[in-house]
Amino acid sequence: PDGELDYSGALESINARGNVTWEHDHDRKPYSVKLAAQADLLGMGAAQKWILVSNSFDASNLRNKAVYDFADKLGLAFSPDSTWVDLYLNGEYAGLYLLCERNEIHPERVAVADTGSTLVSIDIQQRMARQGYPHVIVDGDTALRLHSGEKVTEEMTAFWKTVDNAIQAKNGIDPVTGKHYLDMIDLDSWVRKYVIEEGFGNVEASAVSHYFYIDGNDETGRIYAGPVWDYDYALGSSGTWQTGTVQAFFCAKPYIWKETDTPWFYALWQKEEFRNQVIEVYETEFRPLLQQLLDVELDLYAAHLRSAARMNQIRWYQDTCPAEEEIQRIKEYLTQRMDFLDSVWLEGETYYTVTANRTDESVVSCFAVRPGDFVPELPGGNGEDAIGWYDYDTEEPFDITQPIYENKRIYVKREEPLPVTEGTLRLAIRYAPITGLLLILLAIWTTDWSRRKGTEKQNHERTKTNQISA
């Protein structure tokens, strides 16, 4: 605050960070920074690796920090410390960023034993294979990425399969090893992580960026949930169609991408001991902290960010709503979200679920609908081949105006591609040389026509210039 230099030193590297955030059509990119040596940046503890979160999908600029700070207050261990910074790259103002600790096994981060500890995160199998990260496949397309430098072994794969089997089993027992899920996970941390994901309406709950760790010093070998990470698509984010209503389940939904991958949190929600503890933590701890966030802390964040957020908007987002408006929208969303969860968890109100898939491979939205009420407005399908929303069970068009009296699954139906018959295939093969010759002649004609038009234009300009000179 007084302008004093906090740190000055060399960088070993600065790299691309994230998947969707990096690849999306945003100029304000996230970065992973590695210093030449460990340094204590802005009082967050000495470390070498740091993250510069761009918050490109978040006009408020505060979703990630608000949840990180909240998780720490809720008692979820090793929640990342962070602070906002005005970033300049090569002397040019690059925008408002969030400087964060990186989720890694480290004395100042995930402070567990140096040996015998493990840090993993849920991710997508295809992404892990494409990017070459070591990972364990546990269920369908769901993979666990290893962040602790270990190599994937048969023993490791068998361990996580046992965990998955026990969580998925109705009785909580892995049928192969006979182990109970409560003997393998730390129930308290998993409950707190669940409440955070569902409470803040995180679209990516159970899907990606969810961390778990094993502490080598813990003789029980239990798996702890956390640290928290990535809440761009939470707190009513307008960047995705699934936050159009507060009445939706993000953890308690039956699958993530498709039927072959059942989320851990959904399976846990079916178990009474887990469900009861979720409700207790929500009522006695989460809810009072959320009220404090709504009454006081969001306004403090907004006041702290005001000047920096305006400068950031001038640099990048002149056409978007100001940060103050987005923060007000977050307040409204969280207030309504709390009312909805009160009705579900504290008042025991009945809701039916309508599980909607916009495409065969898209993230699922799980709407909660009171008996006799209607599904909220659904988006159109993706692409010109989309016919409309259909019922999975009846294969009939789904009428959004019909009242709901049972659980339903709907999806966007697409036009069937024209079949390739043996006859059309033979014709295509037979006339392929002629088609190729015609395409070549067309290309030659187009090139010649363009050359002639160019010559005519040059002659016209030359004639015009001569007339002016004369």
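Tutor: Let's start with a term: a nonpolar core is a set of buried Ala, Val, Leu, Ile, Met, Phe, Trp, Tyr and Cys residues joined through side-chain atoms within 4.5 Å. This is a predicted model, where local features need pLDDT of at least 70, side-chain atom pairs count only at pLDDT 80 or more, and totals for chains, interfaces and linings use all residues. Residues are numbered from 1 along each chain as its sequence is written, and side-chain values use heavy atoms, leaving out hydrogens and water.

Student: OK, which residues have the most contacts inside the largest nonpolar core?

Tutor: Trp160, Trp190 and Phe200, in a core of 91 residues. Helix α7 (residues 272-316) is the top contributor, giving 14 residues; helices here are DSSP runs of H or I, at least four residues, numbered from the N terminus. There's also a second, separate core of 14 residues, including Trp50 and Tyr97.

Student: What makes Phe274 a contact of Trp190?

Tutor: Contact means heavy atoms within 4.5 Å. Trp190 touches Phe274 on that basis, and also Ile167 and Trp264, among others, leaving aside residues up to four places away in sequence.

Student: Why is Arg337 called buried?

Tutor: Buried means under 20% relative accessible area, exposed over 50%, partly exposed in between (1.4 Å probe, protein chains only). Arg337 has 0%, so Arg337 counts as buried. Arg337 is in helix α8 (residues 323-346), and its contacts beyond four places in sequence include Glu198, Val246 and Phe250.

Student: And how much of the protein chain is buried?

Tutor: Buried residues make up 47% of the 470 residues.

How values were computed. Helices (H or I, at least four residues) and strands (E, at least two) are DSSP runs, numbered from the N terminus.
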